[in-house]
Amino acid sequence: MQNRVRQVFNLMILFRRSFSSSSSSALQPLLPISQLCTNGRLHEALLEMVMLGPETGFHGYDALLNACLDKRALRQGQRVHAHMIKTCYLPATYLRTRLLIFYGKCDRLEDARKVLDEMPEKNVVSWTAMISRYSQTGHSSEALSVFAEMMRSDGKPNEFTFATALTSCTRASGLALGKQIHGLLVKWSYDSHIFVGSSLLDMYAKAGQIVEAREIFDCLPERDVVSCTAIIAGYAQLGLDEEALETFQRLLSEGMTPNYVTYASLLTALSGLALIDHGKQAHCHVLRRELPFYAVLQNSLIDMYSKCGNLSYARRLFDNMLERTSVSWNAMLVGYSKHGLGGEVLELFRLMRDEKRVKPDAVTLLAVLSGCSHGRMEDTGLSIFEGMIAGDYGIKPDTEHYGCIVDMLGRSGRIDEAFEFIKRMPSEPTAGVLGSLLGACRVHLSVDIGESVGRKLIEIEPENAGNYVILSNLYASAGRWEDVNNVRALMMQKTVTKEPGRSWIQHEQTLHYFHANDRTHPRREEVVAKMKEISIKMKQAGYVPDLSCVLYDVDEEQKEKMLLGHSEKLALTFGLIAIGEGIPIRVFKNLRICVDCHNFAKIFSKVFEREVSLRDKNRFHQFDRGICSCGDYW
């Protein structure tokens with residue numbers, strides 16, 4: 001086809017040349033280039049451009065570039081550019097900007113930048129177009145570099161320039177520049193523009209500066225769905241799930257019309273809170289409003305259902321997706337992993353590789369290794385990790401993958417092997433890697449290695465209360481009460497406070513929170529009385545309190561009383577009181593469940609014939625008839 005077009009092209013040139021030489025009349029085009037472009041006849045328009053030569057002019061080039069841009073026709077656009085150069089045509093700033101945009105849309109960023117650099121005069125549209133394309137393609141540093149160059153050349157940005165530049169202000173270095181841009185916005189009174197304000201609060205939220213983001217949001221003269229979504233997403237990304245839900249509900253009452261991105265952000269927050277009823281309502285809203293089911297929304301739904309314990313529905317959504325991204329596969333893999341279903345993780349991973357539509361990425365392999373860890377499949381996990389090192393998956397292991405192997409070995413009690421593995425790591429172990437080993441040392445009472453790792457962790461991150469707590473608990477398990485007191489004194493000296501354990505349960509659209517030995521719940525007297533009744537029945541059924549879980553130097557009677565006050569047990573008791581028979585009791589905890597509470601929940605499910613779903617910081621536990629889905633391995 002291309003050869004035929006080329007032959008016709010050459011014949012037309014010869015015809016027009018002979019016509020031109022035999023006639024003194026001016027050469028006129030058969031059809032205007034703009035009309036040919038409008039009719040989709042780009043090849044003929046290009047022929048007309050060649051025949052017109054220097055007479056092509058502004059309107060002809062403009063029509064051609066717009067047609068090439070619409071079709072992302074790189075080779076044809078390059079021919080237009082080449083024709084300008086050969087005919088010594090000096091395009092106006094507008095046409096040069098169209099060329100820049102054309103190359104940017106065709107992902108020829110070097111060519112686009114060259115066009116910008118060669119422009120004798122640049123206007124705000126030229127600068128903004130280059131900044132925008134860099135930002136959209138993930139080249140944040142280049143985008144900010146062009147913005148800085150614009151400022152040095154006395155170019156004055158407009159609201160679009162500022163909004164685009166702010167999207168590139170990521171990480172700590174980007175935040176510093178973002179604050180400088182914020183100062184310019186205030187100076188030039190652009191901070192009141194709705195989309196500039198949305199970009200500004202989004203920048204602060206993604207940098208973890210949620211207080212600043214909220215201040216900007218509250219000061220906006222008007223709010224649209226973009227700014228509302230940005231603040232909700234900011235809360236959800238930082239794990240401030242209750243604030244995200246509360247903000248969504250308030251803005252909804254104020255008349256906000258959510259879009260699919262808003263719902264995706266809301267679902268992220270509901271995943272953190274494990275509020276499946278709210279999640280179902282959000283899903284119904286999406287269906288009723290007939291919002292487009294883009295992949296980002298479907299992925300959020302899969303993540304929400306799996307993290308709320310409904311894996312079967314999450315898998316149904318996954319199987320019905322017309323097009324799955326790597327995020328879709330990863331969400332489903334993580335769901336299986338959190339439930340300890342290592343076999344399902346490996347089967348889904350095999351299916352992903354067999355389909356060959358989406359390549360596994362680093363997150364995929366992390367989910368697979370985590371599934372092997374939670375599923376008591378250490379040898380399989382180690383084999384996959386060795387395959388990564390050998391290049392079998394096209395992904396080299398990073399620090400998180402090494403940390404997962406440490407967690408896998410430590411969870412299975414292979415503490416010495418995990419310690420040696422860390423010594424062989426190609427880079428210095430991070431706090432996350434060492435933290436996994438310290439946690440394993442606490443579970444398996446490996447005091448010597450745990451003490452060494454714990455001291456190292458306190459040096460690396462002295463502000464992390466979790467390291468002090470685990471080391472203190474390790475000492476307490478070994479009866480080294482003096483060392484326990486020393487660690488706690490060090491915490492007080494460094495003013496480090498630990499995150500309090502809490503559990504929550506949903507009843508009638510309300511979240512009920514419980515802390516250890518809680519005395520704040522409005523129905524606390526009823527809960528305490530019911531707990532005494534439950535305790536008697538549990539002991540008759542064979543429940544024996546595991547006093548080793550109490551890490552205080554007190555007598556056995558006091559230890560047993562402290563165990564009954566654990567937040568999980570209080571939440572279970574409230575669930576038995578408030579939730580009707582036959583309905584599963586769903587409890588959620590922000591920390592790892594202790595051995596005693598795990599045993600308690602198993603016998604509870606048998607004595608009271610209730611299904612219990614308990615999600616802790618690490619994974620799901622499904623209790624039914626005295627058996628847990630984790631197989632007592634977590």
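**Exercise 1.** Locate E568 in the predicted model, decide whether E568 is buried or exposed, and find the partner of its side chain.

*Solution.* Begin with the secondary structure, where E568 falls within helix α32, which spans residues 567-578. Next, take the relative accessible area, which is 2% for E568; because buried means under 20%, E568 is classed as buried. Then list the contacts, leaving out residues up to four places away in sequence, and S503, K589, I593, C594, C597 and L614 remain as residues that E568 touches. Finally, examine the polar atoms: the side chains of E568 and K589 make a polar contact at 2.9 Å.

**Exercise 2.** Determine how helix α21 and helix α22 are oriented to each other, and identify the residues that make the contact.

*Solution.* Two packed helices are described by the angle between their axes and the distance between the axes. For α21 (residues 342-355) and α22 (residues 362-374), the angle is about 150° and the axes lie 8 Å apart. Since angles over 145 degrees count as roughly antiparallel, α21 and α22 are therefore roughly antiparallel to each other. The crossing of α21 past α22 is left-handed. On the α21 side the contact is made by G342, V345, L346, F349 and M352, and on the α22 side by T364, L365, A367, V368, G371 and C372.

**Exercise 3.** Which residues does UniProt list for "repeat: PPR", and how far apart are the end C-alpha atoms of residues 123-157?

*Solution.* The unreviewed UniProt entry lists residues 123-157, 224-258, 325-359 and 398-428 under this feature. In residues 123-157, the end C-alpha atoms lie 9 Å apart, and the span is 74% helix and 0% strand. For residues 224-258, the corresponding distance is 10 Å, with 74% helix and 0% strand.

Conventions: Residues numbered from 1 in each chain as written. Predicted model: local features only at pLDDT ≥ 70, side-chain atom pairs only at ≥ 80, totals over all residues. Heavy atoms only, no water. Helix = DSSP H or I, 4+ residues; strand = E, 2+ residues; numbered from the N terminus. Buried < 20%, exposed > 50% of the residue type's maximum accessible area, 1.4 Å probe, protein only. Polar contact = N/O pair within 3.5 Å; in protein donor to acceptor, adjacent residues only side chain to side chain. Contact = heavy atoms within 4.5 Å. UniProt positions renumbered as here; feature names shortened; annotations may be inferred. Axes fitted to C-alpha atoms, helices over the stretch in contact; angles between N-to-C directions. Parallel < 35°, antiparallel > 145°, perpendicular 65-115°, else oblique. Left-handed = near helix turned anticlockwise from the far one by under 90°.
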